[in-house]
Amino acid sequence: MTDPGLLDRVRRRLAADGTDVSPARIAAAVRAECGGRPVEGGLAVLTRLQDDLLGAGPLAPLLRDPRVTDVLVNAADEVWVDRGAGLQPAGVTFADDAEVRALVGRLLLPSGRRLDAASPWVDARLPDGTRLHAVLPPISTRGTCVSLRTLSRQRFTLDQLTAGGSVSPAVAATLAAAVTARLAVLVSGGTGTGKTTMLACLLGLVDPIDRVVVVEDAAELRPACAHLVTLEARPPNVDGAGEVTLRDLVRQAMRMRPDRLVVGEVRGAEVVEMLAALNTGHEGGMSTVHANAAADVPARLEALAATAGLDRAALHSQLAAALDLVVHLRRGADGVRRVSELAVVVRRDDGRVAVTPALTTTTDGDRAGPGWARLRERLTHRGVDLPAVLPS
């Protein structure tokens, strides 16, 4: 049990010292308070103080848990955590809103961002890759609201996802064939459905000789690629200068001789450059997008393309030529993220694009849809055959 009195004395000593706090200064302060004697639970004391003075405070144990994907602070007395099975109360509280706000300020220091009355919300990436979003009151009516999304520490393979129930054997075989055939793949789904995990898994199947250039808003992908180049966007500094957008990076990536161009997530005008790249010989490109269903993907991309001034007809024309397969994920009531549908992109007689189900996974098993024959045809055209055990 950590002695609260010792913790308070060390904090006061560090505050009175007036120098920058560091792990070495904390250790020296602990030794001084104990007269050089060994400290009972010394490691726990140092860890607690480093968390409080340099790290995530009471949230630090949650962020160290490898199962945790999200930590959400709704108010000083309400913290939720997702350990892979849905959100649950974390059993952690803060003394008051000032402590929550101080924590956010401390976490933002390495990024050079700020959270104050002039900037009442902030997006930032912490040094360990964790994504932080925070909103100040009165915009957040109950107090400072904080959302933390951790960076996955584990690389999943397709076999592991299949064993865990996220992917059926038929879907796994089809995805592997799609990557081998260099189909252009878009992974869709809602927030927290595992889109980034699935994209990294698919990239792990890429031929080692392929040069993969990944463009991301925040570096989250950790694919097991032999020849990998990663580019990360950059927000503007406090003076509003120095911004590097995904759109800028997609243009640069096209000049870097990629065999496969990957955009971690399409969320704005960069959809135009991505589609242009896929229409200029960059086969096998991949990306993710937020969408409620595979059938909603064209409408979602229409909305994003409109931000770049691309009209509906032009978007559908490029989409029909650029995209082959949509992989849609859902999160079940049991908290498990699953591939629920594979769908092919088909151009209709009116020139518009439709997403047609090819393989749907339900609790009763896999079911071939109207797009299954077209998907097999595309794979066969590129010299890749699917096992006969799959739906005909």
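Ser-188 has Val-289 as its bridge partner in strand 11. This pair belongs to the contact of strand 7 (residues 185-189) with strand 11 (residues 286-290), where five bridges join two strands that run parallel. The model is a predicted one, in which local features need pLDDT of at least 70 and side-chain atom pairs count only at pLDDT 80 or more, whereas totals for chains, interfaces and linings use all residues. Residues are numbered from 1 along each chain as its sequence is written, and side-chain values use heavy atoms, with hydrogens and water left out.

**Chain totals**

- The chain contains 13 helices and 15 strands; these are DSSP runs numbered from the N terminus, with helices being H or I of at least four residues and strands being E of at least two.
- Of the 392 residues in the chain, 46% are buried, a term that stands for under 20% relative accessible area, with exposed meaning over 50% and partly exposed lying in between (1.4 Å probe, protein chains only).
- Among contacts between residues at least 6 apart in sequence, 53% join residues at least 24 apart; a contact means heavy atoms within 4.5 Å.

- Nine strands form an open sheet with mixed pairing, in the order 9-8-10-11-7-12-13-14-15; two strands pair if DSSP finds at least two bridges between them.
- Strand 9 (228-232) and strand 15 (365-368) are the edge strands, and each pairs on one side only.
- On average, neighbouring strands of this sheet are turned by 25 degrees against each other, direction ignored.
- Helix 8 (residues 195-203) packs on the sheet and touches strand 7, strand 8 (212-216), strand 10 (260-263), strand 11, strand 12 (325-331) and strand 13 (337-347). The direction of helix 8 makes about 170 degrees with that of strand 11.
- In a regular strand, side chains alternate between the two faces of the sheet.

**Helix 9 and helix 10**

- The axes of helix 9 (residues 246-254) and helix 10 (residues 270-278) come within 8 Å and cross at roughly 15 degrees. Axes are lines fitted to C-alpha atoms, for helices over the stretch in contact, and angles run from 0 to 180 degrees between N-to-C directions.
- Helix 9 and helix 10 are therefore roughly parallel to each other; angles under 35 degrees count as roughly parallel, over 145 as roughly antiparallel, 65 to 115 as roughly perpendicular and the rest as oblique.
- Helix 9 contributes Leu-246, Arg-247, Val-250, Arg-251 and Met-254 to the contact, and helix 10 contributes Glu-270, Glu-273, Met-274 and Ala-277.
- By class, the residues of this contact between helix 9 and helix 10 comprise five nonpolar, no polar and four charged. Ala, Val, Leu, Ile, Met, Phe, Trp, Tyr, Cys and Pro count as nonpolar, Asp, Glu, Lys and Arg as charged, and the others, Gly among them, as polar.

- Strand 1 (residues 70-75) and strand 2 (residues 78-82) pair in the antiparallel sense over five bridges, and they form a hairpin with two residues between them.
- Within this pairing, Leu-72 stands opposite Trp-80 of strand 2.
- Strand 1 is also joined to strand 6 by four bridges, and these two strands run antiparallel. Val-73 has Val-146 as its bridge partner in strand 6.

**Loops around strand 5**

- Thr-130 lies in the loop between strand 4 (121-125) and strand 5 (131-135), and is buried, with a relative accessible area of 3%.
- Leaving aside neighbours within four places in sequence, Thr-130 is in contact with Ala-124, Arg-125, Leu-148, Arg-149, Thr-150 and Leu-151.
- The loop between strand 5 and strand 6 (145-149) holds Thr-141, which is exposed at a relative accessible area of 71%.
- Thr-141 and Asn-74 are 67 residues apart in sequence and 9.8 Å apart in space, C-alpha to C-alpha.
- Pro-138 is found in the loop between strand 5 and strand 6, and a cis peptide bond with omega of about 5 degrees joins Pro-137 and Pro-138.

**Non-glycine residues with positive phi**

- Arg-182, which is not a glycine, has a positive phi of about 60 degrees. Arg-182 lies in the loop between helix 7 (169-180) and strand 7 and is partly exposed, with a relative accessible area of 21%.
- Arg-257, also not a glycine, has a positive phi of about 55 degrees. Arg-257 is placed in the loop between helix 9 and strand 10 and counts as exposed at 57% relative accessibility.
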